[in-house]
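Hello,

Here is the structure I promised to pass on. My notes follow below it.

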Amino acid sequence: MSANGQSPLLRCAAITRVFGQGARAVRAVDDVSLTMQRGEIASIVGESGSGKSTLARVVLRLLQPSAGAVYFDGRDVTRLRGFARRREYWSHVQAVFQDPFGSFNQFYPVRYVLRSALRLEDSALPRREREARMAVALENVGLDPASVLDQLPHELSGGQRQRVMIARAVMVQPDLLIADEPTTMIDASSRANILNVLLDLNRDRRLTILFITHDISLATYVSDTLFIMQHGKLVESGPVERVTRTPEHDYTRQLFADTFSLHGEAWHAAGGGAA
Amino acid sequence: MLVRVRFLRTAIHSGRFNTSLVLVVLVVLFALLGPVIVGHDPNAVVGSMNASPASHPPLGTDNFGRDELTLLMYGTRTSLEIGAIAGLVAVLIGVVVGTLAGFYGGVVEEALMGATNVLITIPAIVVLILLSVALGSRSAVTMGLIIGVTSWPWTARAVAAQTSSLRTREHIDIARLSGASGFGIIVRDVIPYILSYLGMAFTLQLATAVLTEAALSLLGLGPTNTISLGILLQWSLLWEAVRQGVWWTFIPPTFFLSVVSFGLLLLNSSLDEIYNPRLQGGGGSGA
Amino acid sequence: MPELLVAKDLRAYYRTGLSGWIRAVDGVSLSLNEGEILGVAGESGCGKSTLAMVLASVARWPLCVQGGTMHVDGRSVPLSGGLKGDGSHRGTVVSLMPQGAMNSLNPTQRVRDFVFDVLRSHDPHVARAETLDRARERLEKLHLPARVLDAYPHQLSGGMKQRVVAVISTLLDPRVLIADEPTSALDVGAQRALLALMVELLEQRIIGSIVLVTHELPILRNVAQRTMIMYAGQLCETGPTEEVIFAPAHPYTKALMQATLVLESATKRQRIEGLEGGPPDLSQPPGGCRFHPRCRYALEACSQSVPPTVVPSAGHDAVCWWLAQATPPPTAAASDGAAEP
């Protein structure tokens, strides 16, 4: 429960996920508990092998946890039996993934991927309304519907593809969006644009966003809360200002120390020329 | 679009592709148009028995006096028909079994692949012989069906492997998150990605089916009351053409069998080269 | 100080269709000093990877080198790739670590077999034992465990694989190592380790200098002495990294800087604006300055003719009309106290 007595939108209780068996078993996620409030932006930061993507898939219910429970808006959603229940869940929780090209079916145009998302809503919409919804969704992410709807994925740039994926995800007005490394495959100079689209959606629609990333600079730019994961365990969590200024765990400190920044002293002092 | 244009460009430049395509097209034209142009009734007696090509051009007659060239044309057509039906049946069954096993994984995969593996270990020729014997009379279509039904395991395994590796791709997850059903995902998000592979599987199955039919016919278990390349060979051997030196009754069918399989296999390997750019020769010195 | 590598007016185009050319590298000149790390930055599609291939003489069809010269240690080096001519300079004078190199290790071969293949391709008579000795010695010198030689690639972490590739790329003691996005897909700890290795290679004089191609400015800021910014196949700005980053002269560099996500503890959520739009179609690049359609300072001259080179301070130049107009004599420009390289 948060300070004002509201129940959290998302609660992960002791989630554990094991792959493999016996001696070769790998605990990809090890007893992780976290909560998110409505309207919050949080980031799970960790290096490869930290289990952050596995945790994201568990929250998305694409993967079953070996132990623990996921609560969404107070309801236990760990065991969603039946296709209809899963579809209902996905009308509230959506995702954007890392590879803007791989997220598309390369054979169909943009229109197709937006249209399929609309199927999550129970009532079938008449064509004109459908077109209008798709157009608005694209405009909200800064794309011109007319020049994008009938394009095939390879005809768009990486940034455009990712925006289409965001449009697809928010078209059904979900409460929670999981963004798994959404800008890792985008040029450094265009990352801020994609992040700003998401920040604006959070501001305008109170969309709760959970970022998964290995880039702590990105995480500090967008988040209210940071969760740091290492080897499947949650080693630190807290408001972003606190974690940035006074990290408690050694691993967090190491992450900050290792990240290259533009400020402070240059790590390899400018020498230039043989000593 | 880009993929198709690039495909055509590479295809046209590939010597292998051009050669094999020409071969296959020629054989098909021979089989389909030949009878129309030449117009003999294959069963009509047109000359004396075992007349050599010298006395009865162009390819002599068989031991019943029927025109060998016409027989060849009809024979090739039937063989291709059987091959096509077998190929279609094998690919269809293979796709269904393979995609289900590869997509769902787990118990479904174990069960389906287990059954498939068992079927692979049973020698197809034995099953075919038994089936052929059990069916008193066999039409070309029936032959195609039974050959197809005994050769799908190969395609199923290959399709299962491809589907299994596709399963982890992000566009499949996106489809799931959009509430698509398993069947819908297989049809729209898996099959288009393996279509080129299925085309290659089809040509391979066709080629092997043609040869399988020939083998069965030689054993006397080929299609009844039809002329196929295998049947021609069978008659030729039954009537001791080798001993009598009547080469025009067994060399042409053998030649056509070879050309058909060679052409199709070459086509298959050239398609593989086109779809897999890494197999193409390096354009090092600026080709 | 003699220059280690001098490249003048490099031009390399990709052939498209029957008669089209994509002008990926269109008139790039650069020079490298001994012991230096030169950074090459820019968006995807700016031609930096193509430039890397050209410098390493591995350009092959459909990439054709259309012009330019390169001299290393005063001697001319052939630029075209392919099987024509003597390929002995590849790997021994200039060596390339291509993008995603760590993923190109043969998964069915142990690292030591790969080392043997690489050395054997340059000297067919080299003995296997000798190659292993050389590799072991080099690994030890660079403080890496020799046991990696006996491992399969999948047994090594991403960071270790990339370091192994870096060592193998420099086994033949090339004068210049060109690393194309070596740190992408690596965790921050692994990035540091890889860059430390590269600095070590320089400090131990195993190689002469490094060209580091990346779109991540914070990395360049921390390891590169000089930086070049590329856009649409051409250079816009070159200079000491400190100046290029903190006192950028060219509007494109300024925009790149403003778009960079920085680790700031103080000002969270200070809005960062990324670059809008995308790079131009290189088969028909815009006339005049190629950046003018996206430039907020664009003048009429920008679309009409190629901009002049302006030198805001010693060793720092930029190619821009607006800059030429806006800047009076060099001493009044940018920041004070710009260090001499």
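**Chain C: the sheet**

In chain C, C:Leu38 has C:Val211 of β8(C) as its bridge partner. The model is predicted: local features need pLDDT of at least 70, side-chain atom pairs count only at pLDDT 80 or more, and totals for chains, interfaces and linings use all residues. Residues are numbered from 1 along each chain as its sequence is written, while chains are lettered from A and ligands numbered from 1 in the order in which they are written.

Strands β3 (residues 37–41) and β8 (residues 209–213) of chain C run parallel and share 4 bridges. Strands here are DSSP runs of E with at least two residues, helices are runs of H or I with at least four residues, and both are numbered from the N terminus. Two strands pair if DSSP finds at least two bridges between them.

The sheet is open and has 8 strands. Its order is β6-β7-β8-β3-β9-β10-β12-β11 (chain C), and the pairing is mixed. β6 (94–97) and β11 (309–313) of chain C are the edge strands, each pairing on one side only. From one strand to the next, the twist averages 20°. That angle is taken between N-to-C directions, from 0 to 180 degrees, with axes as lines fitted to C-alpha atoms (for helices, over the stretch in contact).

**Chain C: overall and domains**

Chain C has 10 helices and 12 strands. The C-alpha atoms of chain C fill a box of roughly 65 × 55 × 40 Å along the principal axes.

Of the 341 residues in chain C, 50% are buried. Buried means 20 or more other C-beta atoms within 10 Å of the residue's own; exposed means 12 or fewer, partly exposed in between, with C-beta atoms placed from the backbone. Among chain C contacts between residues at least 6 apart in sequence, 63% join residues at least 24 apart. A contact needs C-beta atoms, placed from the backbone, within 7 Å.

Chain C is divided into domain 1 (3–224) and domain 2 (254–332). The bounds come from an automatic or database domain assignment. The domain centres, taken over C-alpha atoms, are separated by 29 Å. Domain 1 of chain C brings 11 residues to the contact and domain 2 of chain C brings 7. On the domain 1 side, β2 (20–33) and α6 (217–223) of chain C each supply at least two residues. β2(C) gives the most, with 5 residues. That side divides into 6 nonpolar, 3 polar and 2 charged residues. Nonpolar covers Ala, Val, Leu, Ile, Met, Phe, Trp, Tyr, Cys and Pro; charged covers Asp, Glu, Lys and Arg; the others, Gly among them, are polar.

Chain B has 11 helices and 0 strands. Its C-alpha atoms fill a box of roughly 75 × 55 × 30 Å along the principal axes. Buried residues make up 41% of its 287 residues.

Chain B puts 16 residues in contact with 19 residues of chain A. α7 (170–177) and α8 (182–218) of chain B each give two or more residues to that side of chain B. α7(B) has the largest share, 6 residues. The chain B side divides into 6 nonpolar, 4 polar and 6 charged residues.

Best wishes

Note on methods:
Two residues are in contact if their C-beta atoms, placed from the backbone, lie within 7 Å.
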